[in-house]
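Reader: I am going to look at a protein chain and would like to ask about it step by step. Please keep the answers plain.

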Amino acid sequence: MDQPQERLSTSTGPTSTGGSPSGQTLRRLAEQLGVSTSYEGFDGQEAQVPDATLSSVLTALDLDVSSERAALDSLQEHLDAPWRRLLPPVVIAVEGRDDSFPVHVPSGSEPTVELFAGERTRPLEAVPGSLSTREIDGCPVDRILYRIPSDLAPEWYELRASAPEIDHGVPTEVELAVTPARLSTTDRLQDKRRWGWAVQLYSVASNRTWGVGDLNDLAGLAAIGGEQGADYILINPLHASEPVPPLEASPYLPVTRRFFNPLYLRIAGIPEIVYLRPGDAEVVQTLDAIQRRRILEVDDVERDSVYAAKLKALELLYTVRRSAQRQQQLRRFAAEGGQQLQDFALWCAIREEIGKDSPLWEDEAAGPDSPYAVEARTRLQSRVHFHIWLQWLLDEQLASAQQAADSAGMAIGVMHDLAVGVSKDGADAWSLNRSLARGVSVGAPADMYNQQGQDWSQPPWHPFRLAEAGYRPWREMLRGIFRHAGGIRIDHIMGLFRLWWIPEGNRASEGAYVYYDHEAMLGILALEAQRAGVVVVGEDLGTVEPWVREELAARGVLGTSVLWFETEGDGPKDPRDYRVETMASVGTHDFPPTAGYLQGVQVDLRDELGLLERPVEQERAEAQQTLQRWLDAVGAEGLLPEEASEQQTVEALHAYLGLAPSLLHCVQLVDAVGERRVQNQPGTTGEQHPNWRIPLADDEGRRVLLEGIQGSERVRSLSAVMNRALGRGMRRQNREGAPSQPRTMDPDAPTAPWTTGSVSPVEG
C-alpha cells in the first residue's frame with residue numbers, strides 16, 4: 001500500500017536551469033514514475049532506452065521536461081499531489097490481508113474515518129506509529145495510515161473521511177475495492193479438466209446468416225458444442241467497429257472495448273420484424289435473399305456489404321412501434337448504460353455525420369464536452385437513440401447465446417476475448433481521452449519473430465489519470481463484457497503490469513516499458529470477474545517476467561499453453577509437465593490451422609509475401625524438422641498410427657495435448673473441420689493477406705456452414721478424441737433434457753399479420 005515518500009532532493013549533483021534535462025535527471029524521473037530505463041532484449045542482452053525516448057514518454061505522462069528545472073519541479077509536483085488530498089481517488093485492498101490507506105490532514109488534526117458496507121457503518125482506526133509529516137505549500141501536512149478490516153468479503157465499499165479544518169468538515173467519499181485473494185471461479189474448475197472450441201465467429205455462417213456469423217449462430221455453436229462435450233466457446237473480440245462501412249477487419253483494433261458490433265446481429269431474431277410495414281418487409285426480405293445467396297462463397301468475408309445491408313434493415317426495423325414491455329426494457333437498458341452509453345451513441349451519430357477524416361475531430365468535436373458534441377446531443381438525438389437501440393438488441397442476443405450455452409450443459413459457456421486496446425481515433429479514444437495517454441502508442445519491442453518490433457497503433461491507459469478516475473473506465477469496460485459471459489480471455493495480459501510505449505515518430509523498437517499499478521488493475525479484474533461468475537484466462541505468451549506469471553497464478557488467473565511453443569531444449573516439452581492452471585491448445589489464430597501447419601503453409605505464405613529472410617528451401621527444411629520432433633513425441637506415446645492420414649495426425653496431436661493436466665483444453669474449430677488457410681498472418685496488411693476475412697472451409701476448400709458442423713463426422717470424431725483424453729463423455733440429447741435454443745425468428749416461416757408502425761425513439 002501507499003507509504004510515505006521523501007521530498008525530491010536536488011543535491012545529487014550539478015544541474016542546469018536551462019536547456020534539456022540531463023540524461024541522469026531523465027533516468028531519475030523515469031524511475032520515480034515507473035518508466036523503464038533499460039530492458040532485456042530477445043537476445044538476452046540488456047538494452048538501454050535512449051534519452052530522447054525517455055523524454056517523449058515522460059512528456060506523455062504529463063511531466064514537463066523542457067528544461068532541467070522544469071523537470072525537477074514537475075516531478076516534485078507529482079510527488080506532492082497525493083499529500084494535497086484527504087483520501088486517495090480509490091483504495092484497493094486484498095481479501096484477508098492487513099492493508100491500510102493514507103489520510104492527509106493539516107498537521108495536528110484528528111480526522112474521522114468510516115467504512116460504509118450496506119447499512120452498516122464502521123469507524124476505522126489509525127495504524128499505531130504510522131504518522132509522518134511533510135511540508136506542502138509552506139504548511140505541515142500529516143499522513144496517517146488507517147487499517148482496513150481484514151474480515152471484509154470481496155466487494156465494493158465506501159470510505160468517508162472528514163476533518164474540521166478541511167472544507168468545514170464536509171466528508172470526502174471514495175470507493176474501496178476489497179479484491180479476491182484468489183478467484184473462486186478458478187477454484188470451481190478444479191474438479192475436472194474441460195475442453196471447448198475457439199471460433200472466429202464472423203467466419204462461421206448458417207443457412208439463415210447474411211454471410212457473416214452472428215449471435216444466433218453463436219447460440220447454435222453452443223448447442224452443438226455442448227451436445228458433443230464442450231464446456232465453452234471462445235470467440236474473437238466482438239467489440240464495435242465503425243458505425244458505417246468500411247469496417248476494420250481486425251477484431252483486435254476496435255473503436256471501443258465497452259460496446260459491441262451490430263454486424264453480429266441476427267436481423268430475423270429481432271421480434272419487431274413481424275410488424276414491419278408491407279413495403280419495408282419486402283425490402284428486408286430482398287436484402288435477406290441477396291445476402292443469403294452469398295453464404296457459400298469461400299474467398300472472403302464481405303463485412304462491408306453485409307453491414308451496409310444490415311444497417312438498411314435495422315433502420316427500417318427501428319421505425320416499428322415497440323410494445324409497452326419492450327419499450328420499458330429499452331428505457332431500463334439506456335438508464336443502466338448511463339453516460340458512457342450516451343457518449344458512445346453520440347460519437348456514432350457524429351461519426352456518421354462528419355466522417356472519419358474530418359478536421360472537426362481535432363477541434364470543435366474533440367470530445368463529448370466539445371462545442372460540436374454539446375450541440376449535436378440535441379440535434380442528433382434520434383440518431384443517438386438509434387445507436388442505443390442497437391446496443392440493446394445486441395444485449396438481448398448476447399444473453400440468448402449464453403442461455404443457449406447454459407441449456408446445453410456447458411460449465412462456462414461463451415468466453416469473450418478482450419483486445420489489448422482501441423484505435424487512436426475511435427469512440428473510446430474520444431470519450432476516455434482523460435484516461436488515455438497521447439503522443440504514444442502500444443506495441444512490442446523487437447523479438448526473434450519481429451526484429452523491427454510491433455506498433456499496434458493503440459493509445460495506452462495513462463496510469464496516473466486512470467488512477468485519478470478511480471479506475472472506473474477499466475471497471476465499467478469489464479462489467480459490460482462480463483454481463484453475458486461465462487469466461488474471458490485477455491489478450492496480452494502483461495499489459496496489466498507493463499506496456500511498451502512507442503512515441504509518435506519513433507520506430508516500434510524505439511520505445512520503453514511503462515509500469516502500471518498491477519495490484520489495482522488485476523485486483524479490479526478479479527473482483528468484477530468473481531462478482532459476475534466469470535472464468536479468466538490471460539494470454540501470457542512471449543517474453544513474460546517470471547514474477548508476473550506467479551502473481552497471475554496466485555490470484556487464480558489461468559495462463560496459456562500452446563503446443564508449438566512448449567519446448568525444452570530443442571524438443572517438445574512433455575505435456576504432463578504443463579502448468580495445471582492454463583488453457584492449453586495446439587495452435588492459435590496467429591498460426592495456421594493444424595492441417596495447414598502439417599503441410600507447411602506458413603512457410604509458403606511467408607515466401608509468397610516476401611517475408612522470409614532465408615532461402616525458402618532452408619525454411620521448409622527447418623519447419624519440417626521441427627514438426628517431426630512433435631510427431632515423434634506423439635508417436636512415442638502410441639497415439640499416432642503408421643501411415644496416419646491428415647485427420648488422424650490432427651487428432652493424435654490433440655490426444656497428445658490431452659496428456660497435459662491443464663484445467664482447460666482448447667480446440668480450434670478450424671482443426672475440427674480440416675481448414676488449412678491462415679486466418680491472420682502477423683506483420684502483414686489487409687492488402688497483402690486477407691487477415692480476419694477467411695470464411696470457415698473444410699479440407700477440400702468448401703465452405704462449412706453451421707448445419708455442416710452439426711452433422712460433420714470429422715467434428716464428432718475430434719470431439720470424441722477430446723472426451724476420451726479428458727475422461728469426458730458426449731452429452732446425450734433427449735426429449736426431456738435436450739439443450740434448448742434461444743427464440744429466433746425464421747424469415748421463411750409464416751409471420752403475424754403486417755401492421756403499420758411509426759417512429760419510436762428510445763424516449764418515445
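Reader: What radius of gyration does the chain have, and what would a compact globule have?
Author: This is a predicted model, in which local features need pLDDT of at least 70 and side-chain atom pairs count only at pLDDT 80 or more, while totals for chains, interfaces and linings use all residues. Residues are numbered from 1 along each chain as its sequence is written, and side-chain values use heavy atoms, with hydrogens and water left out. The radius of gyration is taken over C-alpha atoms, and the globule rule is 2.2 Å times the number of residues to the power 0.38. For 764 residues the rule gives a value near 27 Å, which agrees with the chain's 28 Å.

Reader: How many helices and strands does the chain have?
Author: Helices (H or I, at least four residues) and strands (E, at least two) are DSSP runs, numbered from the N terminus. Counted this way, the chain has 22 helices and 24 strands.

Reader: What percentage of the residues is buried?
Author: A residue is buried under 20% relative accessible area, exposed over 50%, and partly exposed in between (1.4 Å probe, protein chains only). Of the 764 residues in the chain, the buried share is 56%.

Reader: Is isoleucine 481 buried or exposed?
Author: Isoleucine 481 is part of helix H13, residues 472-482. Beyond its neighbours within four places in sequence, isoleucine 481 touches His239, Arg257, Phe260, His416, Leu418 and Ile488. Its relative accessible area is 3%, so isoleucine 481 counts as buried.

Reader: Which side chain has a polar contact of 3.3 Å with the side chain of glutamine 340?
Author: Glutamine 340 sits in helix H8, residues 324-354. Leaving aside neighbours within four places in sequence, glutamine 340 has contacts with Arg258, Phe259 and Glu476. A polar contact is a pair of N or O atoms within 3.5 Å; within protein, one must be able to donate a hydrogen and the other to accept it, and residues adjacent in sequence count only if both atoms are side-chain atoms. At 3.3 Å, the partner of glutamine 340 is arginine 258.

Reader: Which two residues does a cis peptide bond with omega of about 5° join?
Author: Most peptide bonds are trans. The bond joins proline 245 and proline 246.

Reader: Is serine 457 exposed, partly exposed or buried?
Author: Serine 457 belongs to the loop between strand E15 (454-455) and helix H12 (463-468). Its phi is near 55°, a positive value in a residue other than glycine. With a relative accessibility of 35%, serine 457 counts as partly exposed.

Reader: Is glutamate 643 buried or exposed?
Author: Glutamate 643 is placed in the loop between helix H18 (616-636) and helix H19 (646-657). Glutamate 643 is not a glycine, yet its phi is positive, at about 55°. Its relative accessibility is 79%, so glutamate 643 counts as exposed.

Terms used. Contact means heavy atoms within 4.5 Å.
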